[in-house]
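This briefing is intended for reading alongside the sequence and the three-dimensional model.

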Amino acid sequence: MCSHNAGRSQLAAALLQHRADGRVTVSSAGTHPGPGIEPHIAQVLTEAGADAADAFPKPLTDEVVQAADIVITMGCGDACPVMPGRRYLDWPVPDPDGAPIAVVRAIRDDIDRRVTDLLAGLPSA
């Protein structure tokens, strides 16, 4: 989850989907969804081998949170609904909106490390 669901949360969702290789179901959403995925986000995901072709900003709803076991927030503050029984992680990741491509790549790499660590800590199915 992030504010506009056009940058950080899209990076995290696509990278998690890519790295998980079908082990998890991934959703992303924003408190104030933007009109589309930021162009630099699609570019850096392609560079990492992750697919963002079908990605688009979606609204954050109670149903999205209810369906999750783990909720990861990145800059949406207190706007994310808190549901009992969910594990919440807050990843303090800079907003890539308007950043140079080198900065967006660094943000992608930071999120990718966090995704890898998250997957390593999940139980095996």
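**Helix packing and nonpolar cores**

The axes of α1 and α2 approach within 10 Å and cross at roughly 20°. An angle under 35 degrees counts as roughly parallel, and α1 and α2 are therefore roughly parallel to each other. The model is predicted, and every value below is to be read accordingly.

**Packing of α1 against α2**

- The crossing of these two helices, α1 and α2, is right-handed.
- On the α1 side, the residues that meet α2 are Gln10, Leu11, Ala14 and Leu15.
- Their counterparts in α2 are Ile41, Val44 and Leu45.

**Packing of α2 against α4**

- The axes of α2 and α4 also come within 10 Å, and they cross at roughly 55°.
- Angles of 65 to 115 degrees count as roughly perpendicular and those under 35 degrees as roughly parallel; α2 and α4 are therefore oblique to each other.
- The crossing of α2 past α4 is right-handed.
- His40, Ile41, Gln43, Val44 and Glu47 represent α2 in this contact.
- From α4, the residues taking part are Ile101, Val104, Arg105 and Arg108.

- Ile41, Val44 and Leu45 are the buried residues of α2.
- Viewed down the axis of α2, these buried residues fall within an arc of 105°, so they line one face of the helix.
- The buried residues of α2 pack against both α1 and α4.
- The exposed residues Pro39 and Thr46 lie on the face of α2 turned away from its buried side.
- Gly49 follows α2 and has a positive phi, near 85°.

**Nonpolar cores**

- The largest nonpolar core comprises 24 residues.
- The residues with the most contacts inside this core are Leu11, Leu45, Met74, Trp91, Ile111 and Val115.
- Two or more residues of this core come from each of α1 (8-20), α2 (39-47) and α4 (101-120).
- A second, separate core has nine residues, including Ala29, Leu60, Ala68 and Cys76.
- Val115 touches Ala12, Leu15, Leu16, Arg19 and Trp91, with residues up to four places away in sequence not counted.

**Leu119 in α4**

- Leu119 is found in helix α4.
- Leu119 has a relative accessibility of 8% and counts as buried, because the limit for a buried residue is under 20%.
- Beyond its neighbours within four places in sequence, Leu119 contacts Leu16, Arg19, Ala20, Arg23 and Val24.
- Leu119 and Val24 are 95 residues apart along the chain, while their C-alpha atoms are separated by 9.1 Å.

**Leu60 in the loop between α2 and α3**

- Leu60 is found in the loop that joins α2 and α3 (62-66).
- With a relative accessible area of 18%, Leu60 is buried, because this value is under 20%.
- Apart from its neighbours within four places in sequence, Leu60 is in contact with Met1, Ala29, Gly30, Thr31, Val65, Ala79, Cys80 and Pro81.
- One of these partners, Ala29, is also included with Leu60 in the second core.
- The C-alpha atoms of Leu60 and Asp95 are separated by 18 Å, the two residues being 35 residues apart along the chain.

Key: Residues numbered from 1 in each chain as written. Predicted model: local features only at pLDDT ≥ 70, side-chain atom pairs only at ≥ 80, totals over all residues. Heavy atoms only, no water. Core = buried A, V, L, I, M, F, W, Y, C linked by side-chain atoms within 4.5 Å. Buried < 20%, exposed > 50% of the residue type's maximum accessible area, 1.4 Å probe, protein only. Helix = DSSP H or I, 4+ residues; strand = E, 2+ residues; numbered from the N terminus. Contact = heavy atoms within 4.5 Å. Arc of directions from axis to C-beta. Axes fitted to C-alpha atoms, helices over the stretch in contact; angles between N-to-C directions. Parallel < 35°, antiparallel > 145°, perpendicular 65-115°, else oblique. Left-handed = near helix turned anticlockwise from the far one by under 90°.
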